[in-house]
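Student: I'm new to this one. Can you walk me through its side-chain contacts?
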Amino acid sequence: MTEDTNPANSTTTRAAASPSPPPPAPVALTPGPRVAKLQEIFDKALARTLRANSYANFSSCFPTPAKHVPASLESVWRQLNAKLEESAKAEFEDILTERDAVRQLNELDRLVGEAKYRKDHGVGQETVAPHTLPPDELFRSHLLPYMRETQSSLNHKIESVQDENSELAQRVQAQRREIQDLLVGLESVVADLEVAAAAATQFGSDNNLRQEAAEMDEEIRARSEL
């Protein structure tokens with residue numbers, strides 16, 4: 001039995017056993033579907049803008065040159081539109097370059113294509129080696145269970161507090177209604193007392209008149225006897 005000492009075979013074996021995923025394919029810098037669609041939208045918008053700046057609209061702003069030197073005015077209009085178109089296209093290209101739009105949109109095309117392929121072919125989530133993930137995702141993956149547990153506990157406490165507040169609010173409303181009923185009863189009692197006091201005062205006044213009449217009768221009787 002001979003031992004394979006070929007370095008190329010050893011390298012191939014180590015590469016096959018490595019858990020690291022293969023590097024992603026380089027993103028093409030040629031315009032993809034989304035870049036082409038963006039370019040198409042820009043071209044249509046620019047064409048509508050140039051059509052809005054027709055010679056009729058332009059010449060209406062300069063009636064005197066349009067009447068006396070129409071050819072010169074039309075030449076100026078053509079140069080103006082050409083300069084506007086050239087400037088707009090140059091600025092659009094600068095924005096694409098500054099924002100790295102071609103590469104970003106091509107990368108989006110690639111991701112959407114991969115997602116669609118997985119969806120159409122029923123490909124599930126594959127196991128990803130932890131050391132291949134960025135630090136931010138690792139950090140969040142470790143904290144996520146604790147954060148979910150804390151959120152669940154807080155939601156439970158909030159629901160309990162809301163139930164207690166609702167019960168307290170009902171009690172307060174019941175106490176307010178009871179107080180209102182007591183006030184109405186007190187007002188009725190006070191009204192009855194006022195009526196009784198007025199009647200007692202009237203009775204006292206009538207009783208004094210009767211007493212004076214009785215005294216006068218006694219005085220008259222005493223004089224008669226004399």
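Tutor: We'll take aromatic pairs, then salt bridges. Keep in mind that the model is predicted.

Student: How many aromatic pairs are there?
Tutor: A search of the whole structure finds 3. In one of them, the rings of Y55 and W77 have centres 5.6 Å apart.

Student: Is that pair stacked or edge-to-face, and why?
Tutor: Edge-to-face, because the planes are at 65 degrees and the cut-off for that class is over 60.

Student: Where do Y55 and W77 sit?
Tutor: Y55 is in helix α3 and W77 in helix α5. They are 22 residues apart, so the pair links distant parts of the chain.

Student: Is W77 buried or exposed?
Tutor: W77 is buried, at 14% relative accessibility. Y55 is partly exposed, at 23%.

Student: What about F58 and F62?
Tutor: Their ring centres are 5.1 Å apart, with planes at 50 degrees, so that pair is tilted. F58 is buried at 10%. F62 is partly exposed at 38%.

Student: New topic. How many salt bridges does the structure hold?
Tutor: It holds 9. One of them joins R34 and D109, with the closest N and O atoms 2.4 Å apart.

Student: Which parts does that pair tie together?
Tutor: R34 lies in helix α2 and D109 in helix α6, so parts 75 residues apart in sequence are tied together. D109 is buried at 15%, while R34 is partly exposed at 35%.

Student: What separates E74 and R78 in helix α5?
Tutor: About one helical turn, because they are 4 residues apart. Their salt bridge has its closest N and O atoms 2.9 Å apart.

Student: And which residues does K37 link up with?
Tutor: E40 and K44, in a network of salt bridges.

Technical notes. Residues are numbered from 1 along each chain as its sequence is written. This is a predicted model: local features need pLDDT of at least 70, side-chain atom pairs count only at pLDDT 80 or more; totals for chains, interfaces and linings use all residues. Side-chain values use heavy atoms; hydrogens and water are left out. Rings of Phe, Tyr and Trp (its six-membered ring) pair if their centres lie within 6.5 Å; planes under 30 degrees apart count as stacked, over 60 as edge-to-face and the rest as tilted. Helices (H or I, at least four residues) and strands (E, at least two) are DSSP runs, numbered from the N terminus. Buried means under 20% relative accessible area, exposed over 50%, partly exposed in between (1.4 Å probe, protein chains only). A salt bridge is a side-chain nitrogen of Lys or Arg within 4 Å of a carboxyl oxygen of Asp or Glu.
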